[in-house]
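Please walk through this fold one residue at a time. Keep the model open beside the text.

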Amino acid sequence: MFRSAAITLALCFATVTAQAALLGRAALTPGGTDYQAYYDELQDITWLRNANLASSNTFGVEGICQGNDPFGSGCGDFPGGMDWSTANTWIAAMNSASYLGATNWRMPKTVQPDPGCSGISSPIPRPRQYYGFNCTGSEMPRLFSYGISWYAPGPFLNIPAYEYVWSQDSYRLNNTDAWAFNFYAVGGFQYAEPKVNKYVVWAVHDGDPFAVVPIPPAVWLFGSALGVMGWMRRKATA
């Protein structure tokens, strides 16, 4: 009987771990589920729900694509894109505005080299290193590995289809490039792209700045499983 309880606990723990990967935060309605951010337990960071907030809120920063930009602007036909320098300025403006009450927003990080990647290449003439499938060491491909993508956005909004998302990290072999990630390609790809290109910014925050009380339901479920195990153990030894 105790063995059965242990198996039940293991199954509960596996379910809780899977379900608790992304926890809703910063609800618009007190006590509601209209979350504006999601805490990523596995990476201990919080993702803004809107993956392209700059398309609707520039925080007064110039140089952000509007979607109807003139030919030659480098914007394409999507709003919210910006070069890497402007991306840093936009993040600073977001923090100055204390968006959602937080002041330490940033762009996602890229590990160099990413130990979870299965393919690396530096084509000629311009060195551009890209990672193939199964990248797990950097924040954006780790999120992608959960099943989050442009075609399966989960709880998120405005994940770009074809455009890249900027990382905060410059390419260590060429400082004129910075890392960017593609949430559309099969398997996900990280590229070192020229900083003058205009891509999307998905703001993240270290830790869980919007932690809620009481304890999230997934944690309560895990606690309940421990209680069941203790009860079963006492019953077996009675």
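Trp-202 has 0% relative accessibility, so Trp-202 counts as buried. Here buried means under 20% relative accessible area, exposed means over 50%, and partly exposed lies in between (1.4 Å probe, protein chains only). This is a predicted model: local features need pLDDT of at least 70, side-chain atom pairs count only at pLDDT 80 or more, and totals for chains, interfaces and linings use all residues. Residues are numbered from 1 along each chain as its sequence is written, and side-chain values use heavy atoms, with hydrogens and water left out.

Look at what surrounds Trp-202. Leaving aside neighbours within four places in sequence, Trp-202 is in contact with Trp-47, Leu-48, Asn-50, Ala-51, Arg-106, Met-107, Pro-108, Leu-143, Phe-156, Ile-159, Val-165 and Phe-183. Contact means heavy atoms within 4.5 Å.

Helices (H or I, at least four residues) and strands (E, at least two) are DSSP runs, numbered from the N terminus.

Now turn to the rings. The structure holds 21 aromatic pairs. Rings of Phe, Tyr and Trp (its six-membered ring) pair if their centres lie within 6.5 Å; planes under 30 degrees apart count as stacked, over 60 as edge-to-face and the rest as tilted. Tyr-151 and Tyr-184 make an edge-to-face pair, because their ring centres are 6.3 Å apart and their planes stand at 80°. Tyr-151 sits in the loop between H3 and S7, and Tyr-184 in the loop between S8 and S9, so this pair ties together parts that are 33 residues apart in sequence. Tyr-151 has 45% relative accessibility and so counts as partly exposed. Tyr-184, at 30%, also counts as partly exposed.

Phe-183 and Trp-202 form a tilted pair, 5.4 Å centre to centre with 50° between the planes. Phe-183 lies in the loop between S8 and S9, and Trp-202 in the loop between S9 and strand S10 (204-206), so the pair ties together parts that are 19 residues apart in sequence. Phe-183 is buried, with a relative accessible area of 0%. Both residues belong to one aromatic cluster, formed by Tyr-35, Tyr-38, Trp-47, Phe-144, Phe-156, Phe-181, Phe-183 and Trp-202.

Which loop holds Ile-159? Ile-159 lies in the loop between H3 and S7. At 7% relative accessibility, Ile-159 counts as buried. Beyond four places in sequence, Ile-159 is in contact with Ala-51, Ile-148, Ser-149, Trp-150, Pro-153, Phe-183 and Trp-202.

Asp-40 is found in strand S2. The Asp-40 side chain does make polar contacts with the side chains of Trp-47 (3.2 Å) and Tyr-146 (2.8 Å). A polar contact is a pair of N or O atoms within 3.5 Å; within protein, one must be able to donate a hydrogen and the other to accept it, and residues adjacent in sequence count only if both atoms are side-chain atoms.

Asp-34 is found in the loop between strand S1 (22-27) and strand S2 (35-40). Asp-34 has 27% relative accessibility, so Asp-34 counts as partly exposed. Its side chain makes a polar contact with the side chain of Thr-29 (2.8 Å).

Finally, step back to the whole. The protein chain has four helices and 10 strands. Of its 238 residues, 44% count as buried.
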